[in-house]
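Biologist: I am new to this structure. Could you show me how to read a few of its features?

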Amino acid sequence: MASLALTTAPCSSPLISLRSRLPPPKSSVISDGNRCAYRPIITPLRISDRSGLGNLRPLISSNSLFKVAKSGSIFTVKASAPGSATSPVVPATQKPWQGAAIKPLLASIATGIILWFVPVPSGVTQNAWQLLSIFLATIVGIITQPLPLGAVALLGLGACVLTKTLTFAAAFSGFGDPIPWLIALAFFFARGFIKTGLGNRIAYQFVSLFGSSSLGLGYSLVFSEALLAPAIPSVSARAGGIFLPLVKSLCVACGSNVGDGTEHKLGSWLMLTCFQTSVISSAMFLTAMAANPLSATLTFNTIQKTIGWTDWAKAAIVPGLVSLIVVPFLLYLIYPPTVKSSPDAPKLAKEKLEKMGPMSTNEIVMSGTLLLTVGLWIFGGMLNVDAVTAAIVGLSILLVSGVVTWKECLGESVAWDTLTWFAALIAMAGYLNKYGLIAWFSQTVVKFVGGLGLSWQLSFGILVLLYFYSHYFFASGAAHIGAMFTAFLSVASALGTPPYFGAMVLAFLSNLMGGLTHYGIGSAPVFYGANYVPLGKWWGYGFLISVVNIIIWLGIGGVWWKFIGLW
């Protein structure tokens with residue numbers, strides 16, 4: 001006697017075994033919860049005893065192996081064969097968890113709770129200590145990433161408001177800071193730069209000149225940025241408005257894209273190199289970073305000596321050039337691009353340029369807008385136009401001309417995510433200073449170092465390291481300088497450090513320490529936001545390069561400063 005066996009299986013691959021002379025009906029598969037059902041497309045079935053299938057008649061009932069639902073004619077599989085044990089129902093594949101990663105989330109929360117209940121040190125207010133616990137919990141969350149960075153930062157702000165540690169206005173005050181907006185605007189500029197093809201055109205020009213090796217291409221970008229540094233007093237503007245679009249275009253032109261496994265072909269090394277050298281070029285000139293004049297002002301207020309533009313450049317030029325040479329090559333060795341040489345690249349780039357033909361109207365508009373914006377960045381001081389205002393003027397032109405649409409700006413999710421988390425960190429770090437925590441920390445450090453009875457060289461070395469690595473708690477170079485520069489310079493001078501020498505060193509390090517994290521200086525969120533380098537590697541290489549920079553600037557720089565009579 002013929003028999004019919006139906007074996008349950010997931011809907012994606014149903015398995016039907018028919019041992020009879022009955023041809024299988026044509027059917028379509030539909031899903032009903034955890035069961036599979038078959039909707040016949042054909043066919044009437046005539047059952048006869050002569051066919052050997054007559055014994056199937058009793059099975060077609062309410063208790064049978066399968067049901068026939070007359071409305072819609074749905075076959076629902078329930079078992080494999082008569083008399084056999086009931087087969088377990090195979091659940092349909094469930095959607096993956098879309099929420100937070102639990103372990104990183106618990107680590108972040110635990111950090112905040114533990115610190116929250118630690119006894120508050122003498123001299124620190126309860127609000128300051130609570131804010132510190134939330135800030136550190138947020139930093140742990142940003143490192144471990146249980147959620148995207150913007151979401152983590154928003155949770156941190158929510159905790160500040162919920163616990164009454166900050167008012168709503170205070171918690172979200174960072175969104176009124178110009179730097180996060182300048183960074184977001186830089187991403188919008190990059191969109192137009194790439195969309196119009198201008199980025200590719202300039203990228204191919206660079207490749208045609210320097211593209212026979214990845215290292216040569218990297219150095220060409222590094223020294224181009226350094227040449228622009230003294231003219232554009234905003235590292236965020238230089239990085240975001242000029243070099244991020246260019247570097248992204250170069251990466252794409254060389255076949256190194258985000259998300260397809262080709263990041264290490266060129267992009268990872270190039271993004272990290274351009275970021276780390278941007279903090280070096282910022283340290284080389286008084287006008288290369290917006291907070292540098294603040295260092296000069298505080299120096300005059302503390303020791304009544306002026307740091308002039310020439311004095312700054314003269315002292316920084318030797319260690320700066322050494323760092324600009326060493327850092328890219330070191331990263332090339334320890335975090336290398338997979339494509340190191342491409343002798344045919346210059347020729348291919350020239351062919352690409354020929355195929356592109358003359359500049360399009362949108363390219364011309366984009367070029368003119370970029371030149372206008374850079375001009376405002378350079379001469380903005382005389383015209384009373386700050387960097388973010390200049391960027392808004394440029395973006396307005398792009399929007400009005402249609403080179404970039406507002407819908408495209410809204411689609412730049414990385415820009416809005418970066419704006420959110422960077423503004424949140426600026427707000428929390430700013431109120432740590434306002435609540436007096438940073439002043440307490442500075443006083444504690446200087447008392448400790450002053451009580452060790454060491455020579456001024458060793459004492460100053462300890463102060464330098466503490467000043468430098470405390471930058472993990474700051475999302476702004478200006479905030480760090482304003483909070484700690486005067487206290488550390490005063491103590492260093494009291495311990496015997498030559499005052500002018502001490503001021504210069506602290507001023508240079510106030511730039512170099514920005515390379516530690518992805519939020520420590522204006523160029524950090526810009527290059528990190530390109531998503532070519534994982535956060536762990538960003539922090540790890542940031543620490544390593546910080547050690548290298550300190551050795552170069554205090555070692556080779558110290559010899560140079562002795563030679564020019566700085567100490």
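Predicted model: local features only at pLDDT ≥ 70, side-chain atom pairs only at ≥ 80, totals over all residues.

Biologist: How are two packed helices described?

Modeller: Two packed helices are described by the angle between their axes and the distance between the axes. Axes are lines fitted to C-alpha atoms, for helices over the stretch in contact, and angles run from 0 to 180 degrees between N-to-C directions. Helices are DSSP runs (H or I, at least four residues), numbered from the N terminus. Here, helix 19 (residues 477-494) and helix 20 (residues 499-512) pack at about 150 degrees with axes 9 Å apart.

Biologist: How do helix 19 and helix 20 run relative to each other?

Modeller: Helix 19 and helix 20 are roughly antiparallel, a term for angles over 145 degrees. Their contact (heavy atoms within 4.5 Å) involves residues including F485 and F488 of helix 19 and L506 of helix 20. By class, this contact has eight nonpolar, three polar and no charged residues. Ala, Val, Leu, Ile, Met, Phe, Trp, Tyr, Cys and Pro count as nonpolar, Asp, Glu, Lys and Arg as charged, and the others, Gly among them, as polar.

Biologist: At what angle do the axes of helix 8 and helix 9 cross?

Modeller: The axes of helix 8 (residues 235-253) and helix 9 (residues 267-284) cross at roughly 160 degrees and come within 11 Å. Helix 8 and helix 9 are therefore roughly antiparallel to each other. Their contact has seven nonpolar, four polar and two charged residues.

Biologist: Is T373 buried or exposed?

Modeller: Buried means under 20% relative accessible area, exposed over 50%, and partly exposed in between (1.4 Å probe, protein chains only). T373, in helix 13 (residues 361-383), is buried at 0%. The T373 side chain reaches the backbone oxygen of T369 at 2.8 Å. Not counting residues up to four places away in sequence, T373 touches F189, A390, A391 and G394.

Biologist: What about phi?

Modeller: Most residues other than glycine have a negative phi. K164 has a positive phi of about 65 degrees although it is not a glycine. K164 lies in the loop between helix 3 and helix 4 and is exposed, at 69%. N531 has a positive phi of about 70 degrees and is partly exposed, at 41%.

Methods:
Residues numbered from 1 in each chain as written. Heavy atoms only, no water. Helix = DSSP H or I, 4+ residues; strand = E, 2+ residues; numbered from the N terminus. Parallel < 35°, antiparallel > 145°, perpendicular 65-115°, else oblique. Polar contact = N/O pair within 3.5 Å; in protein donor to acceptor, adjacent residues only side chain to side chain.
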